[in-house]
Amino acid sequence: MENGLINGIVFIDLRKAFDMVDTDLLLRKLTIYKCDFLTLSWFKSYLQCREQCVQFKGNLSSSMPSLQGVPQGSILGPLLFIAFINDLPLYVNSNTDMYADDSTIYSSAKTIEELNVKLTHDMCNVHTWCSNNNMVINNSKTKAMVMTSYQRAATLNSNLHVQFNGMKLTNTENEKLLGIIVNNNLCWKLQIDKVARSLNKGIHLLRQIKEYLPIRYRVLYYKCFLQTHIDYCSTVWGQSTDVTRIHKLQKLQ
């Protein structure tokens, strides 16, 4: 943005990402990453010797083998998924950021047309990766964003037209990424308002229970349920030039 370039971003949404992991393919990738035979045997037992059933209103279904996916809610689940998706950047020319199943590709150019070509080509390669790895992209939740300054945005005649699997990706001006609302002009209005709403809810509850809590527990409540909202990624959105909203947060704090 400081160099006057236009930035194009694609927020990739993988459908049922953790549940779709091909465990045979994951084990082959772990072999490439130099896991020894004993480690691979352990992971194979952990991933493939699983059964699942459903309990509903006191009735338990029969067990069925779990043929794919990494266990959700486990420590190893996200780590194994990261190992599985780790080769995705090798398929694209744009920059790639990945955090568990949240993947974002982005590039810069002088014109919208150039960005369309770059990102459409990369999304074609992402489609190839998905086909090779038995993963599926959720077309309706995968979105594109043009990120530039207010001044440069006023000179643009169109949004991105990134094609994926024969369809044009939806353009968005605000998108939640890892819990932060990212705006196409790097305006943090919606993010700050979200933090303020969370603080208001916490303060309302604190007012109701404070007479029952000693001061040390009220401080503990503040650190656990209020300060965490203020601290999370504040190095990103905390430098906002919206003085009025920042002042509102300071008053709530």
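A pocket is an open set of grid points with protein on both sides within 12 Å along at least five of seven lines, and its lining residues have an atom within 4 Å of a point. Keep that in mind for the first stop. The model is predicted.

**Stop 1: the largest pocket**

Select Ile9, Asp97, Thr104, Tyr106 and Leu177. Of the 14 residues that line the largest pocket, these lie nearest its centre. The volume is about 230 Å³.

Now colour strands S1 (6-13), S6 (95-99) and S7 (102-109). Each supplies at least two residues of the lining. S7 gives the largest share, 4 residues. By class, the lining has 9 nonpolar, 3 polar and 2 charged residues.

**Stop 2: a salt bridge between Asp87 and Lys29**

A search of the whole structure finds 5 salt bridges. Show the side chains of Asp87 and Lys29. They meet in one of these, at 3.1 Å from N to O. Asp87 sits in the loop between helix H3 (76-85) and S6, and Lys29 in helix H1 (residues 23-32), so the pair ties together parts that are 58 residues apart in sequence. Both ends are buried: Asp87 has a relative accessible area of 16%, and Lys29 is at 8%.

**Stop 3: a network around Arg245**

Which residues are linked with Arg245 in a network of salt bridges? Select Asp193 and Asp242 alongside Arg245 to see the network.

Take Asp193 to begin with. Its closest O atom is 2.9 Å from the closest N of Arg245. Arg245 lies in helix H10 (residues 243-252) and Asp193 in helix H6 (residues 189-209), so this pair ties together parts that are 52 residues apart in sequence. Then move to Asp242, where the closest N and O atoms are 3.0 Å apart.

Asp193 is buried at 18%. Arg245 is partly exposed at 23%, and Asp242 is partly exposed at 22%.

**Stop 4: His229**

Go to helix H8 (residues 227-231) and pick His229. At 32% relative accessibility, His229 counts as partly exposed. Leaving aside neighbours within four places in sequence, His229 is in contact with Val195, Ser198, Leu199 and Trp237.

**Stop 5: the cysteines**

How many disulfides does the structure hold? The count is 0. Select Cys130 and Cys124 to check one case. The closest cysteine sulfur to that of Cys130 is in Cys124, 11 Å away and therefore too far for a bond; the cut-off is 2.5 Å. Cys130 is buried, with a relative accessible area of 5%. Finish at Cys53, which is partly exposed at 40%.

Conventions:
Residues numbered from 1 in each chain as written. Predicted model: local features only at pLDDT ≥ 70, side-chain atom pairs only at ≥ 80, totals over all residues. Heavy atoms only, no water. Buried < 20%, exposed > 50% of the residue type's maximum accessible area, 1.4 Å probe, protein only. 1 Å grid on protein atoms, 1.4 Å probe; cavity = no way out; pocket = protein on both sides within 12 Å on 5 of 7 lines; lining within 4 Å. Points joined across faces, edges and corners; volume = space filled by probe spheres on them. Nonpolar A, V, L, I, M, F, W, Y, C, P; charged D, E, K, R; others polar. Contact = heavy atoms within 4.5 Å. Salt bridge = Lys/Arg side-chain N within 4 Å of Asp/Glu carboxyl O.
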